[in-house]
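Please keep the structure open while reading.

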Amino acid sequence: MKRHHAVVRVTHWVNAIALTIMIGSGLRIFNAYPAFARRGETFCCYPFERRPIPASLTFGGWLAGARNWHFAMMWVLALNGLVYLGFIYLHGEWRDLVPRRGIARDAWEMVRFYLTVRKDHPRQGKHNALQRLAYFSMPIVGVVAVVTGIAIWKPVQLSPLTNLLGGYVWARYWHFLAMLALVALTLGHIFMVFTVDPYSIPSMITGKYREDLSPEARNARPFVHLLPAAAGAPPSLHSSSEASRDDVPPRL
Amino acid sequence: MTSPRGSDTPASWVRLAGQTHQAERLGIDRRRFLAASGGALGALFLAACDSQGPRSAQAILKFAEERNEAVERALLSHTSMNVPRRSAKAAGERFPSYFVSRQVPVWDESARGPWRLEVGGMVAKPLQLSLADLGSLPRTGYRLYHFCVEGWTAVAVRTGVRLSDLARAAGADPKARYVDFQSFDDNYHESWDIESAMHPQTLIVYAQDGRYLNPAWGAPARVYSPVKLGYKNTKYLTKIMFMPERNGGYWSDRGYEWYGGV
């Protein structure tokens, strides 16, 4: 049994490449006018008006190059996203991602565990509650990024959409914030993969995953218990005498 | 972006862990291989890349531009009008000035004779219009956003003659599919699709915010339409040519999207 279906694995990596290029080229486009204010006005809500993003974080070389990349890769990003969402809807993987009842409490328990307030890893299914929230919000933020992007691409031909978002200036701002949210989610994801569950990397390539090396089995938090047994004997969950069983509702 | 150093990351936690036998038991060799090959691929990508990305991608980007043009043409509607929000302030004197010549292009009457706007190409009655002639044609004005390719917008009232009115006056051939707008700002010109040119908000503008254009804003006349990005809107107009084929443009020939629709 593969941990991730081939469709999920392929769309994951296509998305990783497309998103990187979209963000890099988007930042280069932003640098052509690194501000939100209309000419002759000021903008309330961006503290770094007229300060460009470091060029090393941008992609495309110059404005036209970045725009050409952005407007080519947007199709890859959007169509790949549609394939992914259509697949997880039809194939049932969405059940691993939508928040369940009690997600807030489960997420709080994960936070307590990561902060070492709680000793043993909360029980989880395929993903823990924080992962669920992250992987559930990623496509939502992605849709926001695409819709706000369309609104600033065609503010005249699709003016009802642009107006709905508060006009061109605000739509551009929402597009920027959506990008920031995607960056934050992605960096958090990469950090957790490498510091908590590097064993999941092959599962996103070949699909193979060893459940006995899961973070729950290793009782792993960032940088802690990266290796099983050798790194200092993760407590077997079943020998734990903590009263944590009561914290977690039984699940099927 | 991918950096050659990025490939150290997956390997470093392995080295922290240290023990070979564990590493092997955990199948780390394969991971290390994957990390290394990932890094190598990244390095290859960077090597094949100048600052604009891999050269081989240019054909794909060109293809995407053509597909995008088809989408943009399909989206273009003559009933989609640009109406700035009432709260949007006019840029006024802060409206940016832009030209490609070294200095502000000014029509030198003593050297070139009186300025005339030529309407030609596939037309029944070629026109030579003075500023006064333009002013005597039906006047249309709109308060409009200007959408610059750089991402800024600015509000101004544009007054002039609808290009569709000029086309009718000149008896433009319905078989003309493109219009080229030429200028005396060096060799600046941009050609458009006829559909965008005939949009009711596409104007041959001679006044901005109620005053005749000043040289910084494209005097004596310029084309302006909110359905095109700023760079498509040629200033310092000399000729409007109705044509069977497109003939590029100043920025379109330098890598910017030819269609440039908004």
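This is a predicted model: local features need pLDDT of at least 70, side-chain atom pairs count only at pLDDT 80 or more; totals for chains, interfaces and linings use all residues.

Residues are numbered from 1 along each chain as its sequence is written, with chains lettered from A and ligands numbered from 1 in the order in which they are written.

**Helices in chain A**

In chain A, the axes of helix H4 (residues 129-153) and helix H6 (residues 168-195) come within 8 Å and cross at roughly 150 degrees. H4(A) and H6(A) are therefore roughly antiparallel (angles over 145 degrees). Their crossing is left-handed. Among the residues that meet are A:Ala134 and A:Val141 in H4(A), and A:Trp174 and A:Leu185 in H6(A) (contact: C-beta atoms, placed from the backbone, within 7 Å).

**Strands in chain B**

Strand S6 (residues 153-162) of chain B has eight of its ten residues buried (20 or more other C-beta atoms within 10 Å of a residue's own). Two strands pair with S6(B) (pairing: at least two DSSP bridges), as tabulated.

| Strand paired with S6(B) | Sense | Bridges |
|---|---|---|
| S5(B), residues 140-147 | antiparallel | eight bridges |
| S9(B), residues 203-208 | antiparallel | five bridges |

B:Arg158 is the bridge partner of B:Tyr142, and B:Gln208 in S9(B) is the bridge partner of B:Arg158. S5(B) and S6(B) form a hairpin with five residues between them, and B:Gly151 in the turn has a positive phi of about 115 degrees.

Definitions and conventions. Axes are lines fitted to C-alpha atoms, for helices over the stretch in contact, and angles run from 0 to 180 degrees between N-to-C directions. Helices (H or I, at least four residues) and strands (E, at least two) are DSSP runs, numbered from the N terminus. Angles under 35 degrees count as roughly parallel, over 145 as roughly antiparallel, 65 to 115 as roughly perpendicular and the rest as oblique. A crossing is left-handed if the near helix is turned anticlockwise from the far one by less than a right angle, and right-handed if clockwise. Two residues are in contact if their C-beta atoms, placed from the backbone, lie within 7 Å. A residue is buried if 20 or more other C-beta atoms lie within 10 Å of its own, exposed if 12 or fewer, and partly exposed in between; C-beta atoms are placed from the backbone.
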